[in-house]
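Dear colleague,

I am passing on the structure we spoke about, and my notes on it follow directly below. Please read them with the structure open beside you.

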Amino acid sequence: MSDRPVSSLPHVLIVGSGFAGLNCAQALKSVLVRVTLVDRVNFHLFQPLLYEVATAALGVDEIAVTTRLLFRRQRNLAVHMLTIETIDIAARCARTTEGHTIQYDWLVMAPGTVTDYFGHREWATHAPGLKTVEDAIAMRRRVLLGFEQAESELDRERRRAHLTFVIVGGGATGVELAGAIGEMKNFTLRHEFRAIDPADARILLLDAGERILPNFAPELSGRARGDLERLGVDVRTRTLVTDVGPDYIVAGDARIATSCVLWGAGTRGAPVLASLGLPLDRQGRVRVGADGTAQGHGEIFVVGDGAHFHDAASDAPLPGVAQVAIQMGRHAARCIADDLAGRPRQPFRYLDRGKLAVIGRGRAVCEIGPFKLAGLPAWLIWAFVHIMFLVGFRNRIVAMVEWARTYFFQHRGGRFIIGDR
Ligand SMILES: Cc1cc2nc3c(=O)[nH]c(=O)nc-3n(C[C@H](O)[C@H](O)[C@H](O)COP(=O)(O)OP(=O)(O)OC[C@H]3O[C@@H](n4cnc5c(N)ncnc54)[C@H](O)[C@@H]3O)c2cc1C
């Protein structure tokens, strides 16, 4: 570090403290810049484990860490809890909902995505998505209320509707939710009710595509489907959802009475990305070039889920996964260091470390290059990887203990119904 006061250094503004923003900020620790990290929440959230909060296996504080705590020793970085509303590219500044204006020399946009209802915003009220802590708590409330209401309901049809859980979207989120609710009804809740048998609950996993987990090899998709069916999940592919109401869902040619629809079907770029006025793809993500910057704006990096980076190897946009976000965030920091040193920037190259999806206790699928695994070995890899990447020492220890309790005793200690009914 030089003796220059931090305030006179060039300024990097990072929007979003998810995987991309956080890794960019950490990688700028020894670079001669002043960094401002802005997020509308005051924590970094480990989204891959949100479904565990939604299904009562983990608490919020096991999958989130306050940003200030994480950066307390990084002297060139300031954290602000603000919401960025618009970016003024010409004036090189960001304006916040709270009325602040923040100038920048480099802008790193890492605001991720929001849940997408394919043009049916009104479905959001009846079918919560899973992107935020609030979403996870709302889902947990719906799932647990289903069992509670069924226990007190005398009408057979209404009781059946309370015990019908419909999950839309057969990607990793939908599969994880279906598996966890399956475990809950078959094992966790087994001895706790008197009027109902939780095992009678119906779980439907709906997807419009040909198969669930479409980004995995077909044999792993098939294995995941078999594992879910063994847990009592009714998996329906090629089934398009056409309507969602307060106590029903219309899927294919069936109208299903249910008081719990969970949405894991789609995402689109965070709304703030549109304020850049730059070319977006159909999912509202900003198209970026080889170095991860927006077209014609070398000072604006868009990283993580909100970026559309065309991957030459697969001839498709990179997927919205944590590894892409982590690597893009670090790459943006390297480019900024290169600019300061007068070196040419390197193009971004994604190193694919494989993919994982968990189905239930001791059940997962894992694909690393040509290697394909399923069952317990895949679950052990899944648990190891998630422990490794979970931010915060305490979180790793607590998550490990909770998973061991869930594994051996089917324990789900966070079954609290919080908020309005
Ligand atoms: C339920 C679920 C399960 C997943 N499972 C996996 C998995 O198993 N493996 C895997 O690799 N990936 C998984 N993912 C995907 C992975 O979590 C994402 O790819 C990753 O979080 C993207 O990181 P990001 O930094 O781009 O965005 P995010 O992590 O979404 O972070 C964006 C941040 O920006 C903030 N923000 C947004 N707008 C504004 C604004 N206007 N002003 C200020 N702040 C703003 C948000 O508050 C948020 O903190 C999962 C995602 C979900 C939702």
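Helix 8 is where I would like to begin: it runs over residues 218-230, has 13 residues, and reaches 18 Å from its first C-alpha to its last, close to the 18 Å expected at 1.5 Å a residue. Please keep in mind throughout that this is a predicted model. The buried residues of helix 8 are Leu 220, Ser 221, Ala 224, Gly 226, Asp 227 and Leu 228, and what covers them includes helix 7, strand 12 (202-206) and strand 13 (233-236), together with strand 24 (355-360), strand 25 (363-368) and strand 26 (371-374). As background to that list, an α-helix has 3.6 residues a turn, so residues three or four places apart point the same way. Asp 227, one of the buried residues of helix 8, is also part of a network of salt bridges that links it with Arg 223 and Arg 230. Just after helix 8, Gly 232 takes a positive phi of about 90 degrees.

Helix 7, which is among the elements covering helix 8, is itself mostly covered, with 14 of its 17 residues buried. Its length can be checked in the same manner: at 1.5 Å a residue, helix 7 (residues 172-188) should span 24 Å, and its end C-alpha atoms are 22 Å apart, which agrees.

Turning to charged side chains, the count comes to 15 salt bridges, of which I describe a few here. Arg 236 and Asp 234 meet through their side chains at 2.9 Å, N to O; Arg 236 counts as partly exposed at 26% relative accessibility, and Asp 234 is likewise partly exposed, with a relative accessible area of 30%. Asp 339 and Arg 345 form a salt bridge at 2.5 Å, N to O, where Asp 339 is partly exposed at 29% and Arg 345 is partly exposed at 22%. In the salt bridge between Arg 158 and Glu 153, the closest N and O atoms are 3.4 Å apart, and Glu 153 is buried, because its relative accessible area of 15% falls under the 20% cut-off.

Glu 85 counts as partly exposed, at 47% relative accessibility.

Finally, there is the ligand, which 25 residues surround, the closest being Ala 20, Asp 39, Gln 47, Ile 84 and Asp 305. Helix 1 (19-27) and helix 9 (322-341) each supply at least two residues of the shell around the ligand. Taken alone the ligand exposes 990 Å², and the protein buries 89% of that.

With best wishes

Methods
Residues numbered from 1 in each chain as written. Predicted model: local features only at pLDDT ≥ 70, side-chain atom pairs only at ≥ 80, totals over all residues. Heavy atoms only, no water. Helix = DSSP H or I, 4+ residues; strand = E, 2+ residues; numbered from the N terminus. Expected span 1.5 Å × (residues − 1). Buried < 20%, exposed > 50% of the residue type's maximum accessible area, 1.4 Å probe, protein only. Salt bridge = Lys/Arg side-chain N within 4 Å of Asp/Glu carboxyl O. Near = heavy atom within 4 Å. Areas by Shrake-Rupley, 256 points an atom, 1.4 Å probe, with all protein chains shown as cover. Contact = heavy atoms within 4.5 Å.
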